[in-house]
Amino acid sequence: MTEVRPTEAASASLWERDEEIAALEQAIDTLCADRSSSGSLLVVRGEAGLGKTALLAEIRRIAERRNCTVWSARGGETLRSVPFNVVRQLLQPALVSLMPEEAREYLGDWYDIAGPALGITEPGERQADPQGVCDGLVAGVRRLARRDWPLVLLIDDAHWADQETLRWLAAFAGRLDDLSVLVVVARRPGEVSGESARHLESIAAASGHPDADLNALTPDATAGLTRATLGAHADAPFCREVWAVTGGNPYETVELLARVQDSELEPTESAAAELRALNRSARGGGLVARLEELGIDATRFAWAAAILGTGISVDLVAELATMEHDDALRCAELLQGARILTEPDPANAQAGDGDLEFVHPLIATAVYNSIPDALRTAMHGIAAQVVTESGRGAAMASRHLLQVHPDDDEELVEQLREAAREHLAVGAPDAARRCLERALLEPPLPEVHARVLYELGCATLLTAPATTIDHLQSALGMPGLDGDERVDAVFRLSQALLHNDQMEEAVRTVEAEAARHEQGPARMRLQAVQYMWEGIYAGESNSPGRSERLADLASTCTGRDNSERALLMLRGFDALIHGENAEEVVELCDRALVNGRLAPGLGWTDTEWGIELLLMLANSYTYTDRLDRAESLYNEALRIYESAGWSGGHLALAHAHVGVGHRRRGRLREAEASLRESLRLAERVGRGLPLYWCVTCNLVEVLLARGHVDEAWAIADQYDFGPPYTSAMVMPDPRSVRGRLLLAVGSTQDGINELEEAGKAVAARGHHNPVLVPWALDLARALASQDPVRAGRLAADTRRQAERFGTDTAIGEALRCAAALETGQRAVRLLAQAVTYLEASPCQYEHAAARIEYGIAARSVAELNRGLALARSCGADGLVAQAQEVLEGGLGVR
């Protein structure tokens, strides 16, 4: 049962709760007063039996009297492994009132993403992104909340909520500023650890004020409750003993007083000595003994109800307890009379609640723990079968299968694998992991064992790369994975190593597997993956002949299949980073497309190759000045990930590269906005990963281009943008950007040292593209006064590299650098040439900078004004200030 509701015990539990009730009434009044008011969240904490549920029931009554809509849900001790269990309960009232087409209308684009998690639509074919599902649930509840204002959400026993619900609730709680809704969460202190505890801490922090901690009743309140229950004649010593025996726990007090009434004990000092024995009979072992007194059938019925935990119907319990329906009905009546089970309140009951619920979670726990271990395990096995046959699916049955002892059961392994697939399809990889880890304990048959490990590795790829590595290495070390499945496992293992910043091992893993295969599609795919990881491994010295081997292999490719297309993309990227002719880079990339588009099987959500390859392709277009093609790919990635609900690292990378496209165009405001959104998403994935370096590096570079040096320094400091650097390649080069940042903040010698290190690092790999690794341009400017000879040599070398590469941007930037080392008409001529090249380039920021520099050197107001207009359109505030200062100062410009 998921609703909180008033009962005799609940009413009694409201003694000495005036302060808490007043605060909650005020929150409801605020909610009802203004539809545009911000939302609020209240957390109520208290040990078992202190009246959390009663307080929520009172909130419901108050809210409904004020015509509020109330949705409520409750965690269950034995249901924590059921993903989205509590959030499904919470949304049931809204969902059951909607026709499917109405639900789609209200949830919008999130319907297909969050719908499977809520059980209102079938999942898609691909594994759902858990962060995307979480975001979809947040968006869906926000839309429904606006429809049903004023809305109160009540979540009881949050300490027992499933991890997926807590993740959603933490995200939802952080977005209440613009949503008028009241959320009340009740929980016990402690009880949870790990990820669930962190989510609960985030929820409490989002409330903005301390938790409301419930205390035990005072002796006076206990005396008042005792007299209200037993009569005013209950004497003071008797009331004092009630308090002493129960510790002022409201639930235990109510149960004890009920036992006193049942036993017809007079509430006098002479009878006070019997209270401890009565109290023992109402809890723990005493409750179990009382249950046994009802007979073996009633005990079996109670055990079966405790095993089910939720959706307790007489029919299901009868089937699980193997008893006739009439006998089950009789047992249900006995247990209700003994205050062990009760009927749900019809006014608050939800679909699937069943016919019965335990009077209190403490009773449910005591009954569950009283079942002999071996019998409890066997009953979970039967319950799994009962739940499956009732049509609730393998995923729902899996919580029972997780409790069954290993017994070499081939069928159980298959059931758990099926449950894992269902969990992955709705965005619950942790639930899938638990199923597959349990399947391994069975254990699987030898011919299946490797596949289970492989599936487990795939399930943890997005959430725990290090764990994935162990599982996939184990799977590959035993028989059972062959053909394409084995190749795919090696690829996924190398991906996990990459995301765990073990780049060299990723390369060697794929290289070793490729050597095991004869020439053919599998070997070609593995070779392509090897070249892909080598291409983005910043820590590797340029292996002898690597580029030549890749060029030879790609020269035989016509783009007839995806392995050949991948090799063409990789060859194009390799040519890019080595500074080969840009036209040849573009020609290679174009050959990898089919009618100008990505080939089937090479899309952004396809798993055979991964996002890294496509980013190499898009970046090759970006830095060869083919920004129209690059932006088309970046925007396609963003659109596809958003529509598919992928809200993790993939979406963060898409936003980052959309930002890169804006930066190259010179749209610096838009670039900053995209990169900040990417950084927000990357924070949810985890720091230190290659993704994080990509986002931080590009954001620092954009802020420097905007002239926001202090902000750039703050970002670098906040996100540890400095040595030691990631082993994955990041564009532009992080050392070069860090060196430029140091120069900008006045740490000239540190900046020079950083740029020197950047030069050494890229020289070891033969990366001579001055657009990707612009260390020499900044170093030449920094050395202009102290070592003009070396500065000139650096500028000349860079110009040769730029002319070899051949893009307007590269040549224009090299000419700007050369001009910075000259004076007089020589500088003017070089800047005039730079303007000519950069005017033809799509990179408007660089064009603006060249115009302003040319205007200053040539003392031309017209050129300065043209540069100023360009700088303003780019959002380059630093350039704008520079141009305005010169114009306002005059300085002899004409």
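## Basis

The model is predicted: local features need pLDDT of at least 70, side-chain atom pairs count only at pLDDT 80 or more, and totals for chains, interfaces and linings use all residues. Residues are numbered from 1 along each chain as its sequence is written, and side-chain values use heavy atoms, with hydrogens and water left out.

## Annotated spans

UniProt positions are in the numbering used here, feature names are shortened, and annotations may be inferred rather than shown by experiment. The record places "domain: Orc1-like AAA ATPase" at residues 16-184. In the model this span is 51% helix and 13% strand, and its end C-alpha atoms lie 19 Å apart. Helices (H or I, at least four residues) and strands (E, at least two) are DSSP runs, numbered from the N terminus.

The record also lists a "coiled-coil region" at residues 493-520. That span is 71% helix and 0% strand, with 21 Å between its end C-alpha atoms.

## The parallel sheet

Five strands make an open sheet in the order E2-E3-E4-E1-E5, with parallel pairing. Two strands count as paired if DSSP finds at least two bridges between them. At the edges are E2 and strand E5 (212-213), each of which pairs on one side only.

Strand E3 (residues 151-156) pairs with E2 over six bridges in the parallel sense. Within this pairing, Leu-153 is the bridge partner of Trp-71, and Leu-154 is that of Ser-72. E3 is also joined to strand E4 (residues 181-187) by five bridges, again in parallel, and Ile-155 stands opposite Val-185 there. Six of the six residues of E3 are buried, where buried means under 20% relative accessible area, exposed over 50% and partly exposed in between (1.4 Å probe, protein chains only). In a regular strand the side chains alternate between the two faces of the sheet. In E3, Leu-151, Leu-153 and Ile-155 point one way, while Val-152, Leu-154 and Asp-156 point the other way.

## Nonpolar cores

A nonpolar core is a set of buried Ala, Val, Leu, Ile, Met, Phe, Trp, Tyr and Cys residues joined through side-chain atoms within 4.5 Å. The largest one has 163 residues, and Trp-533, Trp-604, Val-700 and Trp-775 touch the most other members. Helix H35 (residues 690-706) contributes the largest share, 11 residues. Apart from this core lies another of 50 residues, among them Phe-84, Ala-103, Phe-172 and Ile-203.

Contact means heavy atoms within 4.5 Å. Beyond neighbours within four places in sequence, the contacts of Trp-533 include Phe-491, Leu-498, Met-503, Val-507, Val-510 and Glu-612.

## Aromatic pairs and charges over rings

The whole structure holds six aromatic pairs. Rings of Phe, Tyr and Trp (its six-membered ring) pair if their centres lie within 6.5 Å; planes under 30 degrees apart count as stacked, over 60 as edge-to-face and the rest as tilted. Trp-604 and Tyr-641 have ring centres 6.4 Å apart and planes at 75°, so they are edge-to-face. Trp-604 lies in the loop between helix H30 (582-591) and helix H31 (611-622) and Tyr-641 in helix H32 (residues 627-644), so the pair ties together parts 37 residues apart in sequence. Relative accessibility is 3% for Trp-604 and 0% for Tyr-641.

The pair of Trp-693 and Tyr-725 is tilted, because the ring centres are 5.6 Å apart and the planes are at 55°. Trp-693 is in helix H35 and Tyr-725 in the loop between helix H36 (709-718) and helix H37 (734-744), 32 residues apart.

A charge sits over a ring if NZ of Lys or CZ of Arg is within 6 Å of the ring centre and within 35 degrees of the ring normal. Arg-376 is placed this way over Tyr-368, 5.3 Å from the ring centre, and Arg-525 over Trp-609, 5.6 Å from the ring centre.

## Two arginine sites

Arg-66 lies in the loop between helix H3 (52-65) and strand E2 (69-74). Arg-66 is partly exposed at 31% relative accessible area. Its contacts, leaving aside neighbours within four places in sequence, are Glu-25, Ile-28, Asp-29 and Cys-32.

Arg-492 is placed in helix H25 (residues 483-499) and is buried, with a relative accessible area of 15%. Not counting residues up to four places away in sequence, Arg-492 touches Tyr-454, Cys-458, Leu-461, Leu-472 and Thr-607.
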